[in-house]
Amino acid sequence: MRLAFLLAFLRVVRHRDAVGTDLAPEEAVVLDPPDAPLRAAVAAAVSGDHAPARELLAATRTHAQWERRDAYVSRLARTALHHDGWLENWIQESPGDPDAILVVADFQIHQAWTIRTDAGAKDVERDQFQAFFALLEDAAPVIGAAAELNPADPVPWRIALTHARSVQAPRDVFDAYLAEAQARDPHHFGCHEQALQYLCAKWYGSHEEMFRYAERVAASAPPGSKLHALPLRAALEYRLSERDEPDGPDPYGPDTEAALTRALSLSGGYGAGDREAAGFRNELALLLIMADRPAEALDAFRSIGAHATEFPWARLGDPLAEFLDARSDVRLDLASRIPLFGRPPEPPATDAPDWAELTPRAVAIVPAPPAEVAQAALLCGYSLRTAPAGEGSSYVEVVPGAVRSRRAALLPEEPLTSAAETFTTGESWPALVLHRAPGRSSVTALHQGKVLATHTWHTESPTPDHAEVRATAQSLAHLYRRADPRPLAHILRSTGDPAGHQETLVTALGLPPVPPGFGGETQVLGELPGARVLARRGLLAGMRDTMSTGGSGHPPEPRPPRTPLWLLVRALMLLVLAPAAVLAW
């Protein structure tokens, strides 16, 4: 047993970094990323402007885009949980707007469930239940109004099905709502998804009824419809149930296998990274892991790209962390199965997405001159570009390389933070790493190789916890010698403009301004005066340069790698000269 474990460990060490090299980088993965029109509408709503949301939903109603309308309504309703002023203004301005009424209906359902939480009934307090049912009672007439204002719309009936499950409505009420939904759109995924929840064993049905319903709906769905993945949802609900661990043969094993086969076929009809397929592909990846089919799970993660989804990973814990951990575990599992001196399988021959376009932009601001930063960064395992940032300070960014060094492969996925952990070790100065992506920005402060403070602004995020923000502000104030942390705490608690708050914090810390163009191009320091590249060193070369430069500037560029011809000539010379030297002696 110990020998088998040792061999598996050696295989993982040898092959881990070669398996899944075409997956989206961890820092590029986003949870439930909205498309561009929805992102713009959400950003405007958070700032108090409901006009883009109104126009967005009006277009979906005019063109009968019911699936897209459902997704937009749900996202806007969740946004209103933390930023509701825009929705109140919309209702006051247009009290009979069917789109505004629809968002309010879904908002009230989300609000009720936020109070109740997803905990089991035994873990929910009595006052939570009272507030939960009171809000649901208030939501009923709003749902009815939404249905009357737009009779052709199936989305109010999806909300009604959620309401029926929440209030423990009897079967005849559920059947009536489902019939109304199907009369408007017999293939609306959201309605069937909610019906499946009502029929599952943890609510008001059984495993048998849930599986038969999902299979019946999938059988009648048009080609390419996401409803072909409904049996996959049923299988996942079954497998995630804690009570469903049969001692003998799995009674629903054949149903699960059939659901996987159908979902794999459906996934093949969508392009890699397709946003529409992200939901069922995330479910597919998890169920393949549960079925001990890691190679197919890795293919599923390839097809997902950077689009992680809240379900099913939220059922296991923090959804984004669970997604990344599951993906990493699949890579380790596959690496452990490759013979020690074997070769990892080549990834599929497909057009690799440009992950650089999805990866958050990153730059560090360091209160030390570029030459000093370069000297400290010789052993970081990455190629870096430094540029002067005013008197005595530097900007730093990672220069992407075709192949990561083995030392970099052992570090966390985000390169610049990993590099900063190395080049701040043993130094008196800190580093502030900035990340920026559409809708979110973050700062990470490091000193002596350790992360001391981190904060993220997100367009849709609620105001963060006061105690957490105060602790972060105090850490930043101490690190950057600010006498009063309260202005920093105010900036950290701000919402609605991630990039603007990030820039304001940088100024408040007394640091040089964010470099121009940051957040747009992948690399922004190349055009700055005095920018220089510190090429990645091997371990021995880095140690040699560390001892030889003495901190007097950037180390010399490393020698180009030896070519195969150079190595062959030197080997032949050794074969000839070694015997000659022995004979001469």
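**Rings and charges**

Let's start with a charge on a ring: Arg165 has its charged end sitting over the Trp203 ring, 5.0 Å from the ring's centre. Keep in mind that this is a predicted model. Trp203 also belongs to a cluster linked by ring pairs, along with Trp113, Phe129, Phe132, Phe133, Phe174, Tyr198 and Tyr204. Searching the whole structure turns up 17 aromatic pairs.

**The Phe129 and Phe133 pair**

- One of those 17 aromatic pairs is Phe129 with Phe133, whose rings are stacked at 6.1 Å centre to centre, with 20 degrees between the planes.
- Both of these Phe residues come from helix H7, which covers residues 126–149.
- Phe129 and Phe133 are four residues apart there, or about one turn of the helix.

**The Tyr198 and Tyr204 pair**

- Tyr198 and Tyr204 make a tilted aromatic pair, with ring centres 4.8 Å apart and planes at 50 degrees to each other.
- Tyr198 counts as buried because its relative accessibility comes to 2%.

**Another charge over a ring**

- Lys226 lies over the face of Phe189, and the distance to the ring centre is 5.3 Å.

Technical notes
Residues are numbered from 1 along each chain as its sequence is written. This is a predicted model: local features need pLDDT of at least 70, side-chain atom pairs count only at pLDDT 80 or more; totals for chains, interfaces and linings use all residues. Side-chain values use heavy atoms; hydrogens and water are left out. Rings of Phe, Tyr and Trp (its six-membered ring) pair if their centres lie within 6.5 Å; planes under 30 degrees apart count as stacked, over 60 as edge-to-face and the rest as tilted. Helices (H or I, at least four residues) and strands (E, at least two) are DSSP runs, numbered from the N terminus. Buried means under 20% relative accessible area, exposed over 50%, partly exposed in between (1.4 Å probe, protein chains only). A charge sits over a ring if NZ of Lys or CZ of Arg is within 6 Å of the ring centre and within 35 degrees of the ring normal.
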